[in-house]
Amino acid sequence: MKNDPIRRLLEAELKEVEAKYRKVFNNANDMIGLNLMGENGLPGKFIDINKIGIERLGYSYDEFLDMTPADIIAPDKRSEIAGNAIELSKKGHATFEIIHQTKSGKRIPVEVNNHLFELDGKKIALAISRDITERKKAEKALKKSNENLELKVKERTSELEEVIIELKNSNEELEQFAHVASHDLREPLRMITSFLQLLEKRYKDQLDDDAYEFIEFAVDGAKRLDNMINDLLEYSQVKSMVREFVQVDTEKVLDDTLLNLKVPIDENNAIITHDPLPKIIGDNEMLMQLFQNLISNSIKYRSDNKSLKVHISAREEENQYCFSVKDNGIGISSDHLECIFTIFQRLHTNEEYKGTGIGLAIAQKIVHQFGGQIWAESEKGEGSIFYFTIPNR
Ligand code: ADP
């Protein structure tokens, strides 16, 4: 029988298959081990191990055959074996991370892919262990850099919070200062005006024309100063106008504003039109003041040679409404489009156009209170468009 040619052929074929399997087994990049499952449900002794397993852990093939997986797991991780074995028995497969320890004591983090299968009626556990040292290093570095980043963000946030508090305090101080200063400045100013008037009355007969003119200039200057102080007071009070924001029908606010401006509108035959306007979350009084400042400017800075037209519209954008007030007035040169929003900045003398240069500063402060932006586009001689946005809350 032993020399049976068919049997010899089969044995040779089997050897060839076995050699192929070994080659694959030994050339795998991961450690592959086979263990017989013990009666206690834990993987028992190794029945096979590939080349990389031997090289990685430093035990000989024969030493492996006398060891169980517990012998290659770092002592502090051995308590995890039972849990992993239960999962393996339950599902027939289990994937977990653990730490292997080499014969010389080096720790190697691995990801183990375990599968159960039956061979000749015996339960066998197949374990493929991938060395994840590099991955763990990268994870650790990532974690560290994330922690550093978080720390930096925390530091920056607290720095920013401090700056915000400082800014808030200095803003409040500034507003208080403007408020107190405007009150206190008015008293001596009133004194100057009344004594100048007294001078004019008492010494009427002794004063020549020049003296009268000088007194007039002085009184006029005092009046202008009084107006500016008044405006400063108004500017400093914008913030105290803010109450809880409520729903505001901007079309209704515009109608009320136009009613307030009826006299100058009629006097100048202004044609004021508007598109349908939205409801926003804001404050009636502040919005009315904003419309009033912009529309009264359109009336004040009208062109002499055209009939005055003002158009108000609003369009909905992603997170906000963008309103516009467009006129066909004298326009503003592009160099001045930004400075006009600065307090007391004017492009004209008081003789040309009366005013103190506070209207747009107040308009800007109101828009900022709403959390929006304000800007202007214009062509000199053609007209201006003032835009402002209000967040769509
Ligand atoms: P005031 O009108 O008192 O000067 P504002 O702050 O309202 O103060 O305006 C600042 C400047 O911006 C004005 O002096 C004027 O030159 C310019 N301006 C504002 N609105 C208009 C407008 N609609 N058309 C042309 N110029 C304007």
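**Ground rules.** I am working with a predicted model, so I note that local features need pLDDT of at least 70 and side-chain atom pairs count only at pLDDT 80 or more, while totals for chains, interfaces and linings use all residues. Residues are numbered from 1 along each chain as its sequence is written, and side-chain values use heavy atoms, with hydrogens and water left out.

**Overall form.** I looked up the secondary structure and found 11 helices and 12 strands, which are DSSP runs (H or I of at least four residues for helices, E of at least two for strands), numbered from the N terminus. The radius of gyration is 44 Å, well over the 21 Å that the globule rule gives for 393 residues, so the protein is more spread out than a compact globule; this radius is taken over C-alpha atoms, and the rule is 2.2 Å times the number of residues to the power 0.38. Along the principal axes, I noted a C-alpha box of roughly 155 × 45 × 35 Å.

**Around the ligand.** I then turned to the 21 residues around the ligand, where Asn297, Lys300, Tyr301, Arg346 and Leu360 come nearest; a residue is near if one of its heavy atoms lies within 4 Å. Helix H10 (284–300), helix H11 (359–370) and strand S12 (383–391) each supply at least two residues of this shell, and H10 gives the most, with 3 residues.

**Polar contacts.** For these I looked for pairs of N or O atoms within 3.5 Å. An N or O atom in the Lys300 side chain is 2.8 Å from a ligand oxygen atom, and a polar backbone atom of Gly359 is 3.3 Å from an oxygen atom of the ligand.

Technical notes: A polar contact is a pair of N or O atoms within 3.5 Å; within protein, one must be able to donate a hydrogen and the other to accept it, and residues adjacent in sequence count only if both atoms are side-chain atoms.
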